[in-house]
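Thanks for making the time, everyone.

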Amino acid sequence: MEKSLEFPDLLRLIDERSTAFRAAVAAAPSLDAQVPTCPEWTLFDLVKHLGGGDRFWAAIVGAGPAEAPPAEATAARAALEVPREREALLAWLAASTQLLLSALREAGPDAGCWAWWSALQMPRTSGGVARHRAQETAVHTYDAQLAAGAPQPLPAEVALDGVEEFLFTCVATPSAWPHKPTAFDFHAAEGPSWRLTVDGDGARSTRVPAPIAATGEDSDAAGASIHGTASELVLYLYDRIPADSLHVDGDAGLLDLLRAWEPEE
């Protein structure tokens, strides 16, 4: 993978995954179905979460550069009320997604806005929001499909971008790694690879050049190497599937340390 997805592709993927999410909800036996990957949530709760998130981020993008999310958006999300009837609920979710897409289109990819992630590797821009919401929508679509009894792998296009997006947002930090410095290599069966380095300077990720990934050269620098499809890697990173669903070389115990790590920043 030479570069990240372009902004129009991210918007298309948000729309496509939201459509797939709604299809899963429409096919489910009940809105009260439990979501195995989101403990204590029903399918109704998951719909409310995704649609509420779309509206919340639409307001954030619309507000422009800020040190915190707009107070009105935070209050609206806390007081969110949604239809209980399935058809009306799905219409509300579709409208929520369109609000987000409209806000993103109006802002364009480079407009600044608040975001919860460190700006070390992912910009706090509308483009960064689009990239993250594409992943959130994709992963929650998997959750909805699982609740409906028909889970599907994440499409390769969104999953390949998702590995890097997760590493650049959820993992990147200047907080010191509290253990012996090491590295984690993530190898997608589709080709791309990434290296997450953790040490006293924090955590940061880079793409691994294809020749090194293919030959295994310099592989001794990684304490653990994780192999799987891009979908499997994303689902593992989001704690949807266990590590033993993938092939791990090296010290698998390091993955437990990484999962348990809670950086100060």
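Asp9, Arg12, Glu16 and Glu157 are joined in a network of salt bridges, where a salt bridge is a side-chain nitrogen of Lys or Arg within 4 Å of a carboxyl oxygen of Asp or Glu. By that rule, the count comes to 12 salt bridges.

Before the individual pairs, a word on provenance: this is a predicted model, in which local features need pLDDT of at least 70 and side-chain atom pairs count only at pLDDT 80 or more, while totals for chains, interfaces and linings use all residues. Residues are numbered from 1 along each chain as its sequence is written, and side-chain values use heavy atoms, with hydrogens and water left out.

Which elements does the pair Arg131 and Glu164 tie together? The two side chains meet in a salt bridge at 3.0 Å, N to O, and because Arg131 lies in helix H5 (residues 126-147) and Glu164 in helix H6 (residues 156-171), the pair ties together parts that are 33 residues apart in sequence. Helices here are DSSP runs of H or I with at least four residues, and strands are runs of E with at least two, numbered from the N terminus. Both Arg131 and Glu164 are buried, meaning under 20% relative accessible area with a 1.4 Å probe, protein chains only.

Within helix H5, Glu136 and Arg133 are three residues apart, and so separated by about one helical turn; their side chains form a salt bridge at 3.8 Å, N to O, and both residues are buried.

Finally, Asp185 and Arg195 form a salt bridge at 2.6 Å, N to O. Asp185 lies in strand S1 (residues 182-188) and Arg195 in strand S2 (residues 193-199), so this pair ties together parts 10 residues apart in sequence, and Asp185 and Arg195 are both buried.

Definitions and conventions: Buried < 20%, exposed > 50% of the residue type's maximum accessible area, 1.4 Å probe, protein only.
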